[in-house]
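Here is a note for a colleague who is meeting this structure for the opening time.

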Amino acid sequence: FLQDLQTAKQSIVISTQRVKYRYMPRLVAVLKDLHRNGIEVIIDLKEEGNNETDLINDGIDIACNDNLTIPCAIIDKIIVWYGNINWSYL
């Protein structure tokens, strides 16, 4: 998954329940780096209140939708990861 993220050329859209830094610090660091390098990063969350303010301050677009049901990541509108991705192993 991280390898696919690092090949992104345009955009990354992630749909997930919540963002918790202690479980996915490497993923958050990669997303911030990609955004700084001009890749559009959008994260759709089901639950707010888990450090998304830091991501917003870094310019990453965050949206909250309590009807969110399918966790997934879409890279450059071509690569799709879906289902329950265990972010803590990244």
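**Notes on the predicted model**

1. Ile60 is found in the loop between α3 (52–57) and β3, where helices (H or I, at least four residues) and strands (E, at least two) are DSSP runs, numbered from the N terminus. With a relative accessibility of 2%, Ile60 counts as buried, a word that stands for under 20% relative accessible area, while exposed stands for over 50% and partly exposed for what lies in between (1.4 Å probe, protein chains only). Once neighbours within four places in sequence are left aside, Ile60 is in contact with Leu31, Lys32, His35, Val41, Ile43 and Leu55, contact meaning heavy atoms within 4.5 Å.

2. A word on the basis of the values is in order. This is a predicted model, in which local features need pLDDT of at least 70 and side-chain atom pairs count only at pLDDT 80 or more, whereas totals for chains, interfaces and linings use all residues. Residues are numbered from 1 along each chain as its sequence is written, and side-chain values use heavy atoms, with hydrogens and water left out.

3. For the chain as a whole, there are three helices and five strands, and along the sequence they follow the pattern α-β-α-β-α-β-β-β. The chain has 90 residues, of which 37% count as buried. Its accessible surface comes to about 5600 Å², with 47% belonging to carbon and sulfur atoms; the areas come from the Shrake-Rupley method with a 1.4 Å probe, and for residues only the protein chains shown count as cover. Among contacts between residues at least 6 apart in sequence, 64% join residues at least 24 apart.

4. Strand β4 (residues 72–75) pairs with β5 in the antiparallel sense over four bridges, and Ile74 stands opposite Val80 in β5. Asp76 is buried, with a relative accessible area of 14%, whereas Lys77 counts as exposed at 75%.

5. Glu40 lies in strand β2 (residues 40–45) and is partly exposed, with a relative accessible area of 40%. Apart from neighbours within four places in sequence, Glu40 is in contact with Gln10, Ser11, Ile12 and Asp61. Between Glu40 and Gly59 there are 9.4 Å in space, C-alpha to C-alpha, and 19 residues in sequence.

6. The structure holds one aromatic pair. Phe1 and Trp81 form this pair, which is edge-to-face, with 5.2 Å centre to centre and 80° between the planes; rings of Phe, Tyr and Trp (its six-membered ring) pair if their centres lie within 6.5 Å, and planes under 30 degrees apart count as stacked, over 60 as edge-to-face and the rest as tilted. Phe1 lies in the segment before α1 (2–6) and Trp81 in strand β5, so the pair ties together parts that are 80 residues apart in sequence. Phe1 counts as buried at 13% relative accessibility, while Trp81, at 31%, counts as partly exposed.

7. A search of the whole structure finds zero disulfides, a disulfide being a pair of cysteine sulfur atoms within 2.5 Å. Cys64 counts as partly exposed at 39% relative accessibility, and Cys72 counts as buried at 17%.

Note on methods. Two strands pair if DSSP finds at least two bridges between them.
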